[in-house]
Structures are given as structure tokens and as C-alpha cells.
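Biologist: I am new to this structure and would like a guided tour. Could you put it on the screen and take my questions as they come?

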Amino acid sequence: MALLKSGRLSKADITDSPDLETLLASNSGTSVRLANDVDLETLAPRLSGLKTIEVEFPGYADGRGFSIARQLRRRYGFQGELVATGPLIPDQYAYLLQCGFDSVKVDDAVFERQGEDDWRNALDAFDLTYQRGYVIANGPSMNVLAARRAKRSDDLSAQYEGYDARRALEQAISHDYNGQIVLASSMGIDSAVLLHMVSEIDNRLPVLFLETGKHFKETLAYRDQLVARFGLTNFQSILPDATQLAEEDPDGILNQSDKDSCCNLRKVRPLDREITKYTARITGRKRYQTPERANMAILETGGRQVKLNPLASWTAKDVTSYMRLHDLPPHPLLALGFLSVGCEPCTTRVAEGEDPRAGRWRNSSKTECGIHYINGKWVPIEAERGTHEVF
Ligand code: SF4
């Protein structure tokens, strides 16, 4: 037998687990082997004591094992090792991992035909390790074969649908838009994720931050902390035009009388001035955020500027998990009840149960800054509400 984990052959001892009947007949045992017609309710009382569960796949076309794994992880919260066992093939590896398996046990005859390299290559070549569309209503559904087809497509946007966030960024930054792509960051609650990914790919990528002069001091400190930690060497704070500022908001209180004009002066025009130098921009928008974004492409082409949305299929939980995994510091205002952070005069805390962005421009119909292009031009906020990134 061979045991594969992360595409590599494990040197750990490979032992056979007892079947369910044997486990239930004894008072001890930390592993079990389940047939693919198992009634999981029978196993439930013993689950907390188990470290390893093997799930049998009698043939590679029999998919019941996938469903068992998903139920064990989601419904029963099983945290131990899940092993798929049977005549599986490398093409199934990514989906096995997505369903919650940790490793795959195949017999020697199968492994003889398709060895460690085949399994590892199948995983390396297939970037949708987490094909969210399959299990989360979070964008267009995509299975393994569809993703492979997408990657072979002549259409660039379709190809990106086969990439995970990291691969999409690498492909855009290092290949398709090399030297022509920019990231505009609000240094908000989620910002550390993209900044971290980008810094690992190319820390010289231009990163723009709108220095409106109205930010919380905590945001500015967070900005400095992230820029230093990630070693971003092309970080640029973008200021409003000094002449326009003196003419249109000499006392710095325009936000009290006309928020749209204030955003236009301090955000839209300064960003427009800088960002139009680039062919493509990276955004942190996610499909779950609004109904309008539900089918948003990872790579949006066709407008005046290409938009890359590498986190399109991410959930809020994915962001939290990534930050924990990489030990990224949270925005200091998160602990104080701010779930979306913008300029200080226009941001309030969010009460329990409120939309995360309810604290932005509270008591006003304004929900966006009007910063994104739609079909090659800046679209009025009213016309495209909900499709923009909030800065
Ligand atoms: S968010 Fe408020 S303070 Fe900031 S630019 Fe817009 S209106 Fe002005």
C-alpha cells in the first residue's frame, strides 16, 4: 500500500484500520475503516475518540466516499485524519482534498501505474485545491474538468476562473500584466491578505493608498506596520491636488456638507490621476459581499481597465483563516467594533447583526466612493450601487 499526503508519499507506517463492526464491538480503538454505504449515525457516539477514519472507494467512479467525507467534516465536525482508500486516480486528488480528505491510500498495483509524480503533478497542475463553487454558493459552480477546460481556453478571463487567488496574482503580476498592474489598498480590515500575497510574489509592485487627510491615526499606523513588514518598496500615498483642496475645501469640512464632492476631491480624482497609468488593477472584491458581485469574474476584461479580483470566491472566514495561518496583524480598529474602516468622520462602529459596511457614511444614502470603472468610464454611484469596492 502507498499513502499519499500533499502529493507526496508518506513514510509513516501504513496500518489497516478495523471495520466499523469491529470498532463498535470493542470499547477502544482510535481508527476505523468505513464502507461507502455506512450509516454515519451508528458511528456518531464513537467519533470523538477517533484519530483516523478511512473511507473506502470500491471503484474510482463511485462517488459516495466524497459525500461521506463532507458529512464527517461539516455535519459531525470530525477533526482527525481522513483517508480515502481504493483504486482512486490522480485526477480525483484535488477534489478529494476539497471534500476534506487529508490523504489517499492506494494499493501497490495502482501505485505502480500512477506513482508519486503523477499524483503530485495532478495537484500542482490543478490550482483549484479549494474549488469553492462546488460546495459554497459563492460564484459560478466549477468542477475539476470544467476548471481544466477553463485553463486551456483561449479566453484569458476564462483561464483565470481555473486559478486560485495566489496563482491568479502570480499569473497577472509576473506574466499577463507584468509592469502594468497596480494594487489600490484602503489599508482596511481585509487589506493585509492581498498585500501579503503580493509582497510574496513581487514586493516592487506599485501599491496605492489614498491619503485623504481624514484617516484614523490607527489606519495610518497600520499602513506603516504592513508596508514595513511586507517590505513593499513601491508603496505610494496618493494625496489630493493641493490647489483643488485649497479651492474646494479650504476649511477641511466639506465632508459635513457634501460627502460626494468630498470623496470626489479626496479619492476619485487623485486615484483616477494615478491608476489610469496602468492597464490592470487588483481589487479585494468578493462575490459573497453583494448580489451584484455574485457572478463577478476573477479577471474582468473589456473595460478601460482590466480588474483582477483574486479573492472573488473567498468568504469572510477564508480571510480570517488566511490571516491566522500567516500570523498577519489585524487592523487595530477591528477589536473596537469597526468592521469596515474608511475616513474617520464617515466611519462608525457596527452593531451586532448589522451589515459589516453599515458603519460607512451612516445616516446617509451614500454607500460607495464611486471609484471603480464600469465599461470604461467612471459610473455614477446611483447607477452601479453595490458593484464597487468601498474605500
Ligand atoms: S469618506 Fe468622508 S472624509 Fe473621506 S473623502 Fe469621503 S466624504 Fe470625505
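Predicted model: local features only at pLDDT ≥ 70, side-chain atom pairs only at ≥ 80, totals over all residues.

Biologist: How many helices and strands are in the chain?
Modeller: The chain has 16 helices and 14 strands. Of its 391 residues, 35% count as buried.

Biologist: What share of the contacts join residues at least 24 apart?
Modeller: That share is 63%, taken among contacts between residues at least 6 apart in sequence.

Biologist: Now the sheet of 6 strands: what is the order?
Modeller: The order is β9-β8-β7-β10-β12-β11, in an open sheet with mixed pairing.

Biologist: And which are the edge strands?
Modeller: They are β9 (235–238) and β11 (299–300), each of which pairs on one side only.

Biologist: How many bridges join β7 to β10?
Modeller: Strand β7 (residues 181–184) is joined to strand β10 (residues 280–282) by 3 bridges, and the two run parallel. Within this pair, Leu183 stands opposite Ile282 in β10.

Biologist: What holds strands of a sheet together in general?
Modeller: Strands of a sheet pair through backbone hydrogen bonds, in either a parallel or an antiparallel manner.

Biologist: Let us change topic to helix α12. Which of its residues are buried?
Modeller: Thr219, Tyr222, Arg223, Leu226 and Val227 are buried in α12. Seen down the axis, the buried residues fall within an arc of 130°, so they line one face of the helix.

Biologist: Why would residues three or four places apart point the same way?
Modeller: They do so because an α-helix has 3.6 residues a turn.

Biologist: What covers the buried residues of α12?
Modeller: The cover includes α11 (191–201), β8 (207–210) and β9. On the face turned away from the buried side, α12 carries the exposed residues Lys217, Asp224 and Ala228.

Biologist: How far does α12 reach, and what comes just after it?
Modeller: Helix α12 (residues 217–230) has 14 residues and reaches 20 Å from its first C-alpha to its last, close to the 20 Å expected at 1.5 Å a residue. Just after α12, Gly231 takes a positive phi of about 65°.

Biologist: Then α3. Which residues of α3 are buried?
Modeller: In α3 the buried residues are Gly65, Phe66, Ile68, Ala69 and Leu72. They cover an arc of only 165° around the axis, which puts them on the same side of α3.

Biologist: What do they pack against?
Modeller: The buried residues of α3 pack against β3 (31–34), β4, β5 (81–85) and α4 (93–98). Turned away from that buried side is a face with the exposed residues Ser67, Arg74 and Arg75. Just after α3, Gly77 has a positive phi of about 65°.

Biologist: Moving on to the ligand: which residues are around it?
Modeller: The residues around the ligand are Thr212, Lys214, Asn255, Lys259, Cys262, Cys263, Arg266, Lys267, Gly342, Cys343, Pro345 and Cys346. They divide into 5 nonpolar, 3 polar and 4 charged.

Biologist: Which helix gives the largest share of that shell?
Modeller: Helix α15 (residues 259–275) does, with 5 residues.

Biologist: I see Ile275 in α15. Which residues is it in contact with?
Modeller: Leaving aside neighbours within four places in sequence, Ile275 is in contact with Val182, Ala184, Leu208 and Arg281. Ile275 counts as partly exposed, with 17 C-beta neighbours inside 10 Å. Ile275 and Leu183 are 92 residues apart in sequence, with their C-alpha atoms 8.9 Å apart in space.

Notes. Residues numbered from 1 in each chain as written. Near = placed C-beta within 6 Å. Helix = DSSP H or I, 4+ residues; strand = E, 2+ residues; numbered from the N terminus. Nonpolar A, V, L, I, M, F, W, Y, C, P; charged D, E, K, R; others polar. Buried ≥ 20, exposed ≤ 12 C-beta atoms within 10 Å, placed from the backbone. Arc of directions from axis to C-beta. Contact = placed C-beta atoms within 7 Å. Pairing = 2+ DSSP bridges. Expected span 1.5 Å × (residues − 1).
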